[in-house]
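Good morning, and thank you for coming. Please look at the structure on the screen, and I shall take you through a few of its parts.

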Protein chains: 4
Amino acid sequence: MRGKIILEEHVCLPEEAEVESSKFASSNAQDLGRALLDLHQDRLQEMNANGVEFAIISQNTPGPQGLTDPNEAASYATRSNDYVSELVDQAPERFAAFAVVSMHTTEAAVVELKRAVERLGMVGVLLHDSQLYLDDKGQLREYHYDDPRYDEFWAAVEQLSVPVYLHPKSPLPDEISRLYSARPWLLGPVYSYARDTSFHALAIITSGIFDKYPGVKLVLGHLGEMLLAHLGRIDHWLEKRNRGKDLPSQKTVREYLENNVYVTTAGHFSTPALVHAMTEIGIDRILFSVDTPFENITEGSTWVDTLPISHGDVTKIGRTNALALFPRLAKRLRSDEVEKLQQDRQRVLFTKNAGFW
Amino acid sequence: MRGKIILEEHVCLPEEAEVESSKFASSNAQDLGRALLDLHQDRLQEMNANGVEFAIISQNTPGPQGLTDPNEAASYATRSNDYVSELVDQAPERFAAFAVVSMHTTEAAVVELKRAVERLGMVGVLLHDSQLYLDDKGQLREYHYDDPRYDEFWAAVEQLSVPVYLHPKSPLPDEISRLYSARPWLLGPVYSYARDTSFHALAIITSGIFDKYPGVKLVLGHLGEMLLAHLGRIDHWLEKRNRGKDLPSQKTVREYLENNVYVTTAGHFSTPALVHAMTEIGIDRILFSVDTPFENITEGSTWVDTLPISHGDVTKIGRTNALALFPRLAKRLRSDEVEKLQQDRQRVLFTKNAGFW
Amino acid sequence: MRGKIILEEHVCLPEEAEVESSKFASSNAQDLGRALLDLHQDRLQEMNANGVEFAIISQNTPGPQGLTDPNEAASYATRSNDYVSELVDQAPERFAAFAVVSMHTTEAAVVELKRAVERLGMVGVLLHDSQLYLDDKGQLREYHYDDPRYDEFWAAVEQLSVPVYLHPKSPLPDEISRLYSARPWLLGPVYSYARDTSFHALAIITSGIFDKYPGVKLVLGHLGEMLLAHLGRIDHWLEKRNRGKDLPSQKTVREYLENNVYVTTAGHFSTPALVHAMTEIGIDRILFSVDTPFENITEGSTWVDTLPISHGDVTKIGRTNALALFPRLAKRLRSDEVEKLQQDRQRVLFTKNAGFW
Amino acid sequence: MRGKIILEEHVCLPEEAEVESSKFASSNAQDLGRALLDLHQDRLQEMNANGVEFAIISQNTPGPQGLTDPNEAASYATRSNDYVSELVDQAPERFAAFAVVSMHTTEAAVVELKRAVERLGMVGVLLHDSQLYLDDKGQLREYHYDDPRYDEFWAAVEQLSVPVYLHPKSPLPDEISRLYSARPWLLGPVYSYARDTSFHALAIITSGIFDKYPGVKLVLGHLGEMLLAHLGRIDHWLEKRNRGKDLPSQKTVREYLENNVYVTTAGHFSTPALVHAMTEIGIDRILFSVDTPFENITEGSTWVDTLPISHGDVTKIGRTNALALFPRLAKRLRSDEVEKLQQDRQRVLFTKNAGFW
């Protein structure tokens with residue numbers, strides 16, 4: 001289909017490109033740094049070639065969440081948001097952005113979030129999992145955002161009407177040494193990202209935040225970071241063991257997933273997992289995304305365009321669910337005639353075979 | 001869930017009850033005639049007991065479509081619509097109705113349809129498959145509604161903004177004797193209904209009627225009368241063999257199914273078939289219905305309330321899709337807070353097991 | 001995967017090729033006749049290119065079932081079986097065949113079936129829907145095979161341990177004129193094939209034949225000819241209305257479908273329909289097939305090789321279910337190491353994207 | 001269906017019952033200790049009432065894995081295996097058992113495993129996640145079983161032909177304090193069990209153990225501990241980032257899941273998750289289990305008996321897959337006529353509704 005929107009798409013600051021490239025000892029390592037810098041060249045061209053009309057970009061992991069010094073984190077956030085905004089402003093009909101913010105204090109987060117949304121026109125905020133910090137003894141620790149200290153942050157998010165994308169970052173060094181040094185291939189997208197983000201997401205979901213701030217929308221990548229596979233068991237046990245005892249949230253996890261949470265396909269182009277998500281939480285909660293430049297726009301687009309589901313559902317995943325979640329995007333976009341958007345899906349599905357007729 | 005709406009629900013005229021009862025040589029044959037007469041007693045009580053707020057009722061098969069004499073058919077339609085309207089008017093906050101019309105001429109159909117909608121407040125029209133008639137030689141024949149003679153009918157349907165429910169009736173006597181006399185158990189809901197209605201529906205869908213009158217909405221019962229199982233093959237062959245040659249319709253059958261057609265669960269409470277329908281045409285096209293009194297409200301409601309899909313999708317099937325299709329119903333109904341509607345589904349899903357905790 | 005087996009693959013007699021080609025007024029009409037004659041050239045080459053190791057071929061529709069004269073039908077069957085056998089014998093490690101038989105009398109059918117299986121080495125019998133015949137008044141009529149007159153046929157089928165493939169043919173001329181002359185695009189694979197074959201299959205299934213001859217195996221093409229979409233409703237009504245009254249069969253239709261019936265993907269490469277079939281009747285009853293030359297081997301193979309299901313289930317559909325149904329094929333085939341068969345599926349699934357790593 | 005087999009079913013030693021009961025501050029806390037002791041009374045009665053013929057029982061979590069002293073762990077394992085064996089021997093036609101072993105050294109593990117299998121007749125081994133131990137500094141640490149030190153253990157497992165059930169236990173105290181003290185409701189079945197077991201399982205799967213010992217069978221509870229939701233992403237990244245670099249395993253994770261891993265439904269009676277598992281890894285890898293006494297036999301049995309899938313697949317999940325995995329069980333069981341096993345499923349599905357007929 002035409003007019004696709006994608007929303008877990010990363011860039012980095014110019015000064016980070018070299019490090020990014022060196023992080024991965026791959027044969028074509030140069031590419032990653034360059035790819036994170038590129039937006040208006042190759043990436044836009046690949047978007048054009050695949051019917052992707054719009055991308056919501058964001059600072060690459062870990063962003064401010066990886067900086068233990070509150071001042072550094074805050075100034076990093078400002079610098080990154082300014083830089084990303086400039087990228088967007090070169091083609092505002094094709095790009096928007098998630099802000100990043102320091103989560104050392106809720107005040108810092110709110111101030112920068114407001115600036116990013118109200119002055120820079122950013123459409124949401126992306127948090128790279130927990131906020132790292134040093135405790136009184138100089139030990140590395142992390143804040144999770146179900147902590148009551150973040151109440152004002154969630155209030156501001158609700159008041160500004162912007163979604164929060166909870167994105168992974170690497171585990172704490174202690175955890176890396178305990179669990180991953182003997183099996184480093186499990187780090188990152190293979191497993192640790194989902195492990196850590198699923199914990200954090202479930203902590204937020206069950207904390208009661210959505211009861212206090214029902215307007216808050218949380219977005220999870222990778223088709224829900226494994227949580228959907230466990231949903232029945234989560235609610236089954238919370239209801240029979242924790243309800244009426246220690247559980248702070250008033251509704252079932254399923255209800256929050258259906259009302260406050262969205263999942264994207266970023267980095268997880270899997271048809272059985274997608275169909276499972278459709279039956280668990282409904283098609284209206286699922287958003288197409290690619291996870292550029294770590295994933296390939298052509299691969300993701302081909303997958304979503306040929307999904308064995310209805311045209312209408314492809315259109316929801318590919319575009320209209322994103323417009324419902326980011327209503328202010330609508331005025332930036334071209335005409336929204338669903339029929340035209342679906343035309344090339346039709347074409348794809350019926351030009352496979354000439355046959356004898 | 002509460003607030004469910006059902007829409008393939010039948011009644012008969014008082015004078016027909018006895019015949020209906022005698023049609024079926026069952027041990028409790030009396031019940032059927034009585035059940036078709038009843039609406040405000042047992043049926044309403046069973047609706048109440050199962051969270052069914054509203055039913056759109058209709059004349060039982062074959063209605064005017066079974067009468068070969070045009071005048072008889074027309075006067076039957078008037079009489080039936082008047083009678084059904086009176087039933088509705090006794091509790092307009094719980095019932096609405098589909099009109100029946102004689103399809104001997106498009107004029108007769110349009111006049112009665114307008115009267116039914118504009119004067120009697122009916123919300124749609126239900127056609128019992130083809131219209132039987134006698135040809136010049138007195139031979140029994142049938143009209144299908146893709147015939148160009150019905151153009152004005154479809155124009156009126158579009159102009160009045162009312163859905164058309166295509167409902168089965170028994171095959172022609174010749175066909176019964178040729179195919180079913182040796183295996184009568186295949187008649188009716190087991191097989192012949194779907195066989196005949198699927199043919200008629202596909203004839204209408206591929207005729208170009210929806211190109212000429214894009215506002216027309218067609219409703220099929222029994223989860224699509226088998227057509228969804230064949231959808232891929234239908235379009236595959238129409239596109240490679242008939243497109244550009246004899247095919248009058250401009251779009252794929254899938255496109256019409258996603259834009260002009262709705263399917264109900266009437267008489268087909270099958271979870272695999274429903275999940276299949278969700279992936280083929282999308283959840284927004286599927287409407288809960290029971291097919292009373294031939295099916296049981298409790299059985300249908302229990303099924304839909306415990307479907308292994310999201311709350312949101314149960315709410316769509318059970319209620320909100322029907323409100324989108326019949327917008328004028330909305331003002332008759334009680335408050336529409338989705339949360340309250342879903343409450344008892346929550347309850348159903350989590351009171352199954354006390355366990356040890 | 002490698003080693004795929006396909007089993008609804010048609011050829012025609014040399015004298016039929018010209019007529020076949022002229023039947024279809026397509027721009028490349030010549031192809032069809034030639035394609036039905038070809039087996040060891042282009043078709044084999046396309047099999048090789050797509051990992052199809054083996055094909056069970058059969059006489060194109062309508063075969064003997066279209067001949068109203070018993071003698072003609074019988075001699076046609078003999079001639080066709082001899083011809084098809086010769087085709088097979090040129091490469092018995094790549095091809096086997098279904099026999100055709102005249103169904104005018106069960107004696108004729110049994111004699112030719114035995115000859116075909118025991119002398120010619122054919123592995124099953126393919127019936128092109130009902131047998132046409134002329135009644136006493138010279139009127140065209142048809143036999144369906146649930147007729148008690150075929151008892152000895154089913155007994156022979158069971159005794160020989162060969163599957164019966166029930167394949168479509170065109171409707172009777174009367175039915176064509178009544179239903180299809182105004183909408184010819186519904187004829188054949190688009191709709192009439194499934195309509196007629198589903199009726200015939202359901203007649204056989206509910207007749208009690210499988211109770212009398214539990215070893216009989218029936219194969220249906222096109223993912224079950226729409227019947228799976230209706231299965232819940234069929235059994236629901238047979239059980240509540242017909243069981244204990246007129247229903248001759250002792251089990252539910254679901255039980256026969258799971259024990260006596262197989263469905264192939266011939267001409268219906270639809271993922272939602274296939275997943276539906278998996279949940280309705282289980283993966284062990286589904287067989288890959290293409291329906292050459294009407295369908296394209298490359299298209300079918302690409303579809304089955306990239307299905308969003310497990311490797312094991314692709315292997316079942318693509319090969320091992322066929323070997324379970326036709327055990328005598330096993331000795332003709334190359335080594336059956338599943339790992340090797342799956343290798344190129346692995347390759348297909350992971351060479352899509354180079355990425356940055 | 002009748003004849004169901006369940007295999008994640010726990011008991012505790014008599015001396016543990018009181019502690020187990022006090023662990024959970026629930027209103028009916030007494031029940032848990034008593035329920036873990038009971039087997040031949042209430043539990044057997046509930047099995048009988050629900051068509052469960054056979055249960056493979058096991059020591060409750062954490063077993064020897066929770067004991068940091070090697071000698072204590074080893075003697076605990078012996079004591080527990082002896083006790084559990086006695087329970088089994090009271091009704092060997094209804095029960096079998098998984099052994100527990102200390103994993104402090106592979107020698108200890110192998111000796112006790114052999115004794116349990118060869119002398120006590122146990123049919124597999126169940127490991128409660130990692131083995132806790134104290135390092136040189138007295139700090140609490142854990143071994144995972146992908147460590148090369150366990151090579152001889154896996155060799156013995158393969159040689160004895162017994163499955164290994166990887167079962168959860170609680171996280172390390174440090175991790176509890178870091179992640180769960182602020183949100184204790186996420187501990188155990190709600191989330192931490194799946195988090196930790198999924199890590200451990202994936203570590204084993206990607207370690208190359210199944211390449212070295214291809215006969216090893218690993219069983220995971222709770223429908224795969226969330227891993228199936230991530231399978232596409234896991235293989236996608238391992239293949240494009242780690243293959244040919246640091247990845248020790250030679251095949252894709254999907255291949256191991258389809259050849260060396262089984263998942264049970266213990267504690268996760270969720271239809272969408274089950275259907276997802278069917279499409280991801282195939283019906284032959286899925287085993288019914290309840291997780292008594294933490295879960296309810298009636299609830300689990302009702303769920304599996306009314307699953308919206310084929311009779312054949314319910315029979316596989318409910319019984320025949322378990323017999324394929326534990327072939328030596330077959331001789332203990334009653335006659336295995338599938339038809340009789342399915343009879344009461346038939347009955348369940350068709351006695352819901354009397355209707356009018």
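The model is a predicted one. I begin with chain D, where eight strands form an open sheet in the order β1-β2-β3-β4-β7-β8-β9-β10, with parallel pairing. Which strands stand at the edges? They are β1 (4-11) and β10 (286-287) of chain D; each has a single partner strand, so one side of each is left without a neighbour in the sheet.

Strand β7 of chain D, residues 164-167, and strand β8 of chain D, residues 218-220, are joined in the parallel sense over three bridges. If you follow Leu166(D) across to β8(D), its bridge partner there is Leu220(D).

I turn now to a single residue of chain D, Asp38(D). Its place is the loop between α2 (30-37) and α3 (42-49) of chain D. Is Asp38(D) buried or exposed? Its relative accessibility is 16%, and buried means under 20%, so Asp38(D) counts as buried. The side chain of Asp38(D) reaches the backbone nitrogen of Gln41(D) at 3.1 Å. Asp38(D) can also be placed relative to Val11(D): the two are 27 residues apart along the chain, and their C-alpha atoms are separated by 7.6 Å.

My last topic is the interface of chain C and chain B. The size of an interface is often given as the accessible area lost when the parts come together. Between chain C and chain B, the buried area is about 5100 Å², and carbon and sulfur atoms give 57% of it. Three residues, Trp185(C), Phe199(C) and Arg233(C), supply 16% of the area that chain C buries against chain B, which is more than any other three residues. In terms of contacts, 57 residues of chain C meet 57 residues of chain B.

How many salt bridges does the rule find across this interface? There are 12 between chain C and chain B. One of them links Arg195(C) to Glu175(B), with the closest N and O atoms 3.7 Å apart. The rule also finds 37 residue pairs in polar contact across the interface of chain C and chain B.

Which helix gives the most to the side of chain C that touches chain B? The answer is α11(C), with nine residues. By class, that side of chain C has 27 nonpolar, 14 polar and 16 charged residues.

Thank you for your attention.

Methods: Residues numbered from 1 in each chain as written. Chains lettered and ligands numbered in written order. Predicted model: local features only at pLDDT ≥ 70, side-chain atom pairs only at ≥ 80, totals over all residues. Heavy atoms only, no water. Pairing = 2+ DSSP bridges. Helix = DSSP H or I, 4+ residues; strand = E, 2+ residues; numbered from the N terminus. Buried < 20%, exposed > 50% of the residue type's maximum accessible area, 1.4 Å probe, protein only. Polar contact = N/O pair within 3.5 Å; in protein donor to acceptor, adjacent residues only side chain to side chain. Contact = heavy atoms within 4.5 Å. Buried area = accessible area lost by both parts, 1.4 Å probe. Salt bridge = Lys/Arg side-chain N within 4 Å of Asp/Glu carboxyl O. Nonpolar A, V, L, I, M, F, W, Y, C, P; charged D, E, K, R; others polar.
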